Amino acid sequence: MQSSNNEKLSKTSSTLINDSRGSHFDVIALAASADGIKTITEVISGLPADFPAAVLVVQHMSPHIKSNLAEILSQHTSLKVKEAQDG
């Protein structure tokens, strides 16, 4: 099932960044609660390396625990993954 979903995402990635008027989006945002890592990983893993938009991932997390989200996502995608930083 996951492979089928990934194929659908890859085949339609160019339409994901265009709205019904043909406007282009340079940024796609994904947001999830703390337990949303599986869903985020599934979406990210289906995007091709040449996906034509930046993908921002926002996940609710404890401020007291260091996040490994960038490392986890980089294991599931050929996209460059980088944690946001101040400045």
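One term before we click: a residue is called buried if its relative accessible area is under 20%, exposed if over 50%, and partly exposed in between, using a 1.4 Å probe and protein chains only. You're looking at a predicted model, where local features need pLDDT of at least 70 and side-chain atom pairs count only at pLDDT 80 or more, while totals for chains, interfaces and linings use all residues. Residues are numbered from 1 along each chain as its sequence is written, and side-chain values use heavy atoms, with hydrogens and water left out.

**Stop 1: the whole chain.** Colour by secondary structure and you'll find 3 helices and 2 strands, in the order α-β-α-β-α along the sequence. Helices (H or I, at least four residues) and strands (E, at least two) are DSSP runs, numbered from the N terminus. Of the 87 residues, 23% count as buried.

Stop 2: Select strand 1 (residues 27-32) and strand 2 (54-59). The two run parallel, joined by 6 bridges; strands pair if DSSP finds at least two bridges between them. Click Ala-32, and then its bridge partner in strand 2, Gln-59.

**Stop 3: a loop glycine.** Which loop holds Gly-36? The one between strand 1 and helix 2. Gly-36 counts as buried because its relative accessibility is 10%. Gly-36 and Gln-59 are 23 residues apart in sequence, yet 7.5 Å apart in space, C-alpha to C-alpha.

Stop 4: Select Ile-44 in helix 2. Is Ile-44 buried or exposed? Its relative accessibility is 5%, so Ile-44 counts as buried. From Ile-44 to Ser-74 is 9.2 Å, C-alpha to C-alpha.

Next, select Ile-40, Ile-44, Leu-47, Phe-51, Ala-53, Leu-69, Leu-73 and Leu-79, the 8 residues of the largest nonpolar core. Such a core is a set of buried Ala, Val, Leu, Ile, Met, Phe, Trp, Tyr and Cys residues joined through side-chain atoms within 4.5 Å. Helix 2 (37-45) and helix 3 each give two or more residues to this core. In soluble globular proteins, nonpolar side chains tend to be buried together.

**Stop 5: strand 2 again.** Strand 2 gives the most to the lining of the largest pocket, with 6 residues.
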